Amino acid sequence: MSGPMLEIRNLCKAFPIRNAFGRRTGEVRAVDNVSFSIDKGKVYGLAGESGSGKSTIARIIMGLERPDSGDILIDGRSITDSASGHVHGRQVQMVFQNPGSSLNPRRTVGQSVAVPLDAHGYPRAGRQKRIEALLDMVQLPANFAQRYPHELSGGQKQRVAIARALAVEPKLLVLDEPTSALDVSVQAKVMDLLADLGREMDLTYLFISHDLSLMRNFASDVGVLYRGVIVESGTSDAVFEHPAHDYTRLLLASVPVISKEEEALRPCIPLIDGEIPTPEMLIALRQQAVKQTITNEVQTDD
Amino acid sequence: MSFPLLKVRDLSVEFTTYGQTQQVLRNVNIEVPARSQVALVGESGSGKTVTMKAIMGLLRQPPARITKGEIFYDGADLLTMPAKERLRLRGTAMSMVFQDPMSSLNPVFTIADQMGTILKYADRRLGRGRSKKERTARVHEVLSQVRMRDPERIARAYPIELSGGMRQRVLIAMALLSEPDLLIADEPGTALDVTTQAQILKLLKDLVEARGLALLMITHNLGVVRETSNYVYVMNKGVIVEHGETAQIFDAPKDDYTRSLIDAVPRLTGGRRFGQQGVPA
C-alpha cells in the first residue's frame with residue numbers, strides 16, 4: 001500500500017552540442033544523476049531557474065524524452081518498461097505553464113477535455129456527463145464546455161487544463177509552473193483548487209517552480225536544482241529555514257518579499273554584484289555542489 | 001513643498017473599439033516628486049500600462065481618448081504643449097525602461113548601433129551636436145555605468161549574443177543615455193530568473209539613488225514594490241484605490257482590494273494553507 005508514488009533513481013540526460021556541420025562538439029548535462037522520491041498524496045517541489053533541468057525532468061517523467069540512464073518508477077513500476085507505456089499515460093498527467101498555448105484554440109473546452117478520454121479508450125457513452133463532472137471539479141459551470149479558449153480568462157483556462165489533466169484519473173500530476181502566467185489573486189485561487197483536489201482525490205504532485213514563496217506554502221518537501229544537479233533537498237521548512245547550499249542561499253536572498261519577517265529569513269549574502277556569473281564562478285559553485293550533495297535526504301514520515 | 005516633477009491630475013481615458021466605449025482610467029492622480037521612488041502597482045487590466053502610455057505619449061488615439069485631466073512634467077502640461085516640445089522631452093528628460101528585453105531590441109543591429117542612433121536623435125532634439133566618436137564614448141560610458149564588465153565588447157555584440165540579464169542592462173543603459181530626470185520602468189526583470197531579477201532591481205535602485213533620478217516603477221509584483229519604492233499607488237479597474245508610504249500600505253492597508261492583494265501573496269515564511277476555503281459563489 002504505502003511506498004513512494006514516484007521514485008527517480010540516478011536520472012541522467014545529456015544533450016549534444018553540435019557545430020554548424022552537425023558534428024558533435026560537446027554535450028550539456030541537463031540532468032545529472034538526479035534521485036528523489038515522492039510519497040503518495042504528497043507535494044514535492046522542484047525549484048530551479050532556467051537551464052536548471054527542471055523541465056527536462058518533467059518531460060522525462062511524462063515520457064516525452066528518453067533518459068540516458070537511470071530509472072523512473074511510478075507506483076513501483078518502471079516506466080522505461082515499454083509494455084506499460086499506455087498505463088503510464090493514465091497514471092501521470094501534466095499541467096503546463098502557459099494555458100494560452102497549451103489549449104488548442106480551435107477546440108471547445110469540452111473537446112479539449114475529451115482528448116485524453118479518447119486517447120485512453122474511455123467509452124463514448126456518458127461522455128457529456130463526464131465532461132460536465134470534470135468541469136464541476138474545477139469549479140467551472142457546465143456550459144463552459146461549448147466555449148473556446150479565447151473566451152476564457154487566464155485563470156479559467158488553467159482550470160480547463162487541470163480538468164483535462166484529471167480526465168483519466170491520474171495518480172500523479174506534474175505541475176510545471178502552473179500559475180506563473182497568472183495574477184497573484186488568481187494564482188491564490190488556482191492553488192486553493194489544486195490543494196483541495198489533491199486532498200479529495202488523493203493526488204500526488206510534482207510541483208515545478210521558480211517561485212520560492214509559493215513553493216514554501218504548497219510543497220511539503222523540496223529539491224533545489226542547479227545545472228542539472230539537486231544541490232539540496234529536504235522538508236520545505238528545513239530548506240527554507242536553514243539553507244545549506246550556496247545556491248539555495250543565493251536564490252532565497254533574491255526573492256522580493258513584502259514583510260520584515262520574510263526579510264529576516266533571507267540570508268544576508270551579497271548578490272553577485274553587477275556581474276552575470278562567469279563560467280568560472282559557475283564551475284566553482286558546481287564543484288561545491290558535488291562536495292555538498294544531498295545533505296538531508298527526503299523524509300518519508302507522515 | 002515644491003511642485004512634483006511629474007503630476008498626473010484627474011486623468012480619465014476611454015477606449016472605443018467596435019463601437020463600444022469603455023472607460024479605462026477614472027480620475028487618476030499620481031505625483032512623482034524629484035528624486036523619489038514611486039511605484040504603481042496593479043494586476044493585469046488595472047490600467048497601469050495605459051497610465052504609463054498616457055504619460056509617455058504613446059497612447060494611440062483612436063482607439064484611446066483622453067477625456068479629462070492633465071499631465072504635468074516639471075510644471076508644463078504635456079497634453080496641451082506643442083507636439084514638437086513634447087517630443088523633445090520624451091526620451092531625453094523622461095525615459096522608459098521596457099519590460100521585455102528579448103523583444104525590445106532590434107536583432108539585426110549591434111548594441112552600439114542602436115544606442116548610437118538613440119543618442120543621435122536625442123541630441124538632435126535637444127539641439128546638441130556630438131561626433132560619432134563622442135557618441136561611441138558615451139555609449140561605452142553608460143554601459144559601464146550599468147556595470148557591464150567589458151563595455152567595448154558588449155557594444156559590438158548583437159542582442160542574440162547577450163543573456164537576458166545583460167539585455168535588460170542594455171535597456172537600462174539606453175534609458176540613461178540622455179541623462180533623464182525621470183525614469184519610468186515597466187515591469188523590469190519580470191521575464192528574468194529570480195537571481196537576475198534581484199540584480200537588475202538592485203542596479204536600478206543604486207543608479208536612481210546615486211544620480212538623483214526620480215523613478216516610477218510600474219509592476220504587478222508587490223515584492224518588487226517594496227524593494228524599489230518608498231511611495232506606492234495601488235490601482236484596480238482604472239481607479240487608484242489607495243496610495244501612501246510603501247511601508248505603511250504594507251503594514252496597514254485601508255482599502256479592501258489592497259488588503260486582498262497583499263493577502264494573496266504567498267509568504268516566504270510559509271504558514272499558509274491553500275484550499276478548504278469553502279465553495280466559491
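This is a predicted model: local features need pLDDT of at least 70, side-chain atom pairs count only at pLDDT 80 or more; totals for chains, interfaces and linings use all residues.
1. **Confidence overall.** The model comes in at ipTM 0.79 and pTM 0.82. Chain A has a mean pLDDT of 83, with 86% of its residues at 70 or more. For chain B the average is 86, and 97% of the residues score at least 70.

2. Among the elements of chain A, helix H12 (residues 279-292) has the lowest mean pLDDT, 51, while strand E8 (residues 204-209) has the highest, 94. Keep an eye on residues 289-302 of chain A: pLDDT stays under 50 there, and the model has 21 contacts beyond four places in sequence for that stretch. In chain B, the lowest element mean is 81, for helix H2 (residues 83-89), and the highest is 94, for strand E9 (residues 231-236).

3. **Chain A at a glance.** You'll find 12 helices and 10 strands in chain A. The chain has 302 residues, and 43% of them count as buried. If you take the contacts in chain A with a separation of 6 or more, 67% are between residues 24 or more positions apart.

4. **Helix H1 of chain A.** Just after the helix, Gly63(A) takes a positive phi of about 80°.

5. **Helices H4 and H5 of chain A.** H4(A) (residues 109-119) and H5(A) (residues 127-137) pack at an angle of about 110°, with their axes 10 Å apart. The two helices are therefore roughly perpendicular to each other. On the H4(A) side the contact uses Gly110(A), Val113(A), Ala114(A) and Leu117(A), and on the H5(A) side Arg127(A), Arg130(A), Ile131(A) and Leu134(A). By type, the residues of this contact are 5 nonpolar, 1 polar and 2 charged. An α-helix has 3.6 residues a turn, so residues three or four places apart point the same way.

6. **More on H4(A).** Which residues of H4(A) are buried? They are Val109(A), Gly110(A), Ser112(A), Val113(A) and Ala114(A). Their cover includes H5 and helix H6 (154-166) of chain A. H4(A) is followed by Gly121(A), which has a positive phi near 65°.

7. **The A–B contact.** Chain A puts 37 residues into the contact and chain B puts in 39. On the chain A side, H7 (184-201), H8 (212-218), H9 (236-241), H10 (246-254) and H11 (260-265) each supply at least two residues. H7(A) gives the most, with 8 residues. The chain A side divides into 18 nonpolar, 9 polar and 10 charged residues.

8. **The largest nonpolar core.** This core holds 155 residues, and those touching the most other members are Leu206(A), Phe207(A), Val224(A), Ala173(B), Leu182(B) and Leu216(B). Helix H6 of chain B (residues 164-176) provides the largest share, 8 residues. Leaving out residues up to four places away in sequence, Phe207(A) touches Val43(A), Tyr44(A), Gly45(A), Leu46(A), Leu175(A), Met215(A), Phe218(A) and Ala219(A). In soluble globular proteins, nonpolar side chains tend to be buried together.

Technical notes. Residues are numbered from 1 along each chain as its sequence is written. Chains are lettered from A and ligands numbered from 1 in the order in which they are written. Axes are lines fitted to C-alpha atoms, for helices over the stretch in contact, and angles run from 0 to 180 degrees between N-to-C directions. Helices (H or I, at least four residues) and strands (E, at least two) are DSSP runs, numbered from the N terminus. Angles under 35 degrees count as roughly parallel, over 145 as roughly antiparallel, 65 to 115 as roughly perpendicular and the rest as oblique. Two residues are in contact if their C-beta atoms, placed from the backbone, lie within 7 Å. Ala, Val, Leu, Ile, Met, Phe, Trp, Tyr, Cys and Pro count as nonpolar, Asp, Glu, Lys and Arg as charged, and the others, Gly among them, as polar. A residue is buried if 20 or more other C-beta atoms lie within 10 Å of its own, exposed if 12 or fewer, and partly exposed in between; C-beta atoms are placed from the backbone. pLDDT is the predictor's confidence in each residue, from 0 to 100. A nonpolar core is a set of buried Ala, Val, Leu, Ile, Met, Phe, Trp, Tyr and Cys residues joined through C-beta atoms within 7 Å.
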